[in-house]
Amino acid sequence: MPNWGEKALAASGAPVTVPRDPARDAARDELLNADYHRHDPSLQQRVYDWVMDRIDDALATIAGDGTSGTTGLILFLVVAVLIAAALWWRFGAPKRAARTVLDVFGGAGPRSADQYRADAERHAAAGQWSEAVREQMRAVVRALEERTLLDTRPGRTADEAAAEAGRALPAHAAALTAAARIFDDIAYGDRAADRAAYQLLRDLDQALERARPAFAAAAGGTA
């Protein structure tokens with residue numbers, strides 16, 4: 001009796017002889033067609049499903065009768081590791097939690113602008129540029145509050161202070177925004193401070209002391 005693949009019938013009924021190896025190769029090539037595998041799970045999904053199956057098996061073993069305390073603890077730890085591995089594979093490494101943005105004065109609350117300036121100069125003299133930048137920015141905001149160009153409001157961020165002061169002092173709005181960004185990057189981010197950053201804020205502080213608010217200039221022109 002001929003083997004399947006060695007002889008077949010054509011549409012007309014005449015026998016057609018097909019060698020065994022070419023027939024097997026043709027079938028294999030056909031099954032490798034991408035159209036047959038469009039809905040196959042990805043490698044990541046298959047690994048994830050395998051891990052979840054192992055977790056189910058371990059949980060079932062823990063829940064079964066006759067499991068000793070030590071064995072149950074070991075299985076529990078294995079399950080915990082498998083869950084952690086599955087979550088890591090599925091969602092990636094945990095992201096660093098967003099840093100809480102405090103108000104510009106921090107938890108200690110505001111002091112006088114001159115006190116902040118003195119602290120900034122002391123830190124600058126010691127080469128502690130991050131501390132100098134923080135204290136100098138606080139001096140800028142506190143000075144604007146002391147001049148009533150900003151209302152004294154707890155919880156205000158450097159960005160909010162810059163935006164509000166920029167409306168009263170539009171000629172310095174861009175510099176205020178840049179100063180707030182420097183403060184945020186150094187106080188809450190990973191940017192390293194340097195002498196140039198401190199000097200920029202110090203120059204801004206001195207320029208703002210001489211600046212006249214927009215509404216005062218408009219009133220003077222009307223008069």
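Thr-148 is found in the loop between α5 and α6, and in this predicted model the residue is exposed, with a relative accessible area of 64%. The protein as a whole has nine helices and two strands, and from the N terminus on these elements run β-β-α-α-α-α-α-α-α-α-α. Of its 223 residues, 30% count as buried, and among contacts between residues at least 6 apart in sequence, 58% join residues at least 24 apart.

**The loop between α5 and α6**

- The backbone of Thr-148 has a phi near 65°, a positive value in a residue other than glycine. Most residues other than glycine have a negative phi.
- Arg-147 is also found in the loop between α5 and α6, and with a relative accessible area of 31% this arginine is partly exposed, whereas Thr-148 is exposed.
- When residues up to four places away in sequence are not counted, Arg-147 touches Leu-208, Glu-209, Ala-211 and Pro-213.
- The side chain of Arg-147 reaches the backbone oxygen of Leu-208 at 2.5 Å, and Leu-208 is itself one of the buried residues of α8.
- Although Arg-147 and Glu-209 are 62 residues apart along the chain, their C-alpha atoms are separated by 9.2 Å.

**Helices α6 and α7**

- Helix α6 covers residues 158–168, and its axis and that of α7 come within 9 Å and cross at roughly 175°. Because angles over 145 degrees count as roughly antiparallel, the two helices are described as roughly antiparallel to each other.
- By class, the contact of α6 with α7 has seven nonpolar, two polar and three charged residues.
- On the α6 side the residues of this contact are Ala-158, Asp-159, Ala-162, Ala-165 and Gly-166, and they meet Ala-173, Leu-176, Thr-177, Ala-180, Arg-181, Phe-183 and Asp-184 in α7.
- The 15 residues of α7 should span 21 Å at 1.5 Å a residue, and the end C-alpha atoms of this helix are 21 Å apart, which agrees.
- The buried residues of α7 are Leu-176, Ala-179, Ala-180, Ile-182, Phe-183, Asp-184, Ile-186 and Ala-187, and the partners against which they pack are α5, α6 and α8.

**Helix α8**

- Helix α8 comprises residues 195–210, a run of 16 residues that reaches 23 Å from its first C-alpha to its last, close to the 22 Å expected at 1.5 Å a residue.
- Its buried residues are Ala-197, Tyr-198, Leu-201, Leu-204, Asp-205, Ala-207 and Leu-208, a list that includes the charged residue Asp-205.
- These buried residues of α8 pack against α4 (113–125), α5 (129–146) and α7 (173–187).

- A polar contact of 2.9 Å joins the side chains of Arg-138 and Glu-135. Not counting residues up to four places away in sequence, Arg-138 touches Val-104, Phe-105, Gly-106, Tyr-116 and Phe-183.
- Asp-184 has its place in helix α7, and its relative accessibility of 17% means that it counts as buried.
- Beyond the residues up to four places away in sequence, Asp-184 touches Ala-158, Asp-159 and Gly-189. The C-alpha atoms of Asp-184 and Thr-157 are separated by 9.1 Å, with the two residues 27 apart along the chain.
- Val-104 is placed in the loop between α3 (69–91) and α4, and at 1% relative accessibility this valine counts as buried.
- Leaving aside neighbours within four places in sequence, Val-104 is in contact with Met-137, Arg-138, Val-141, Arg-156, Thr-157, Ala-158 and Phe-183.
- The C-alpha atoms of Val-104 and Asp-184 are separated by 8.9 Å, although the two residues are 80 residues apart along the chain.

Technical notes. Residues numbered from 1 in each chain as written. Predicted model: local features only at pLDDT ≥ 70, side-chain atom pairs only at ≥ 80, totals over all residues. Heavy atoms only, no water. Helix = DSSP H or I, 4+ residues; strand = E, 2+ residues; numbered from the N terminus. Expected span 1.5 Å × (residues − 1). Buried < 20%, exposed > 50% of the residue type's maximum accessible area, 1.4 Å probe, protein only. Contact = heavy atoms within 4.5 Å. Axes fitted to C-alpha atoms, helices over the stretch in contact; angles between N-to-C directions. Parallel < 35°, antiparallel > 145°, perpendicular 65-115°, else oblique. Polar contact = N/O pair within 3.5 Å; in protein donor to acceptor, adjacent residues only side chain to side chain.
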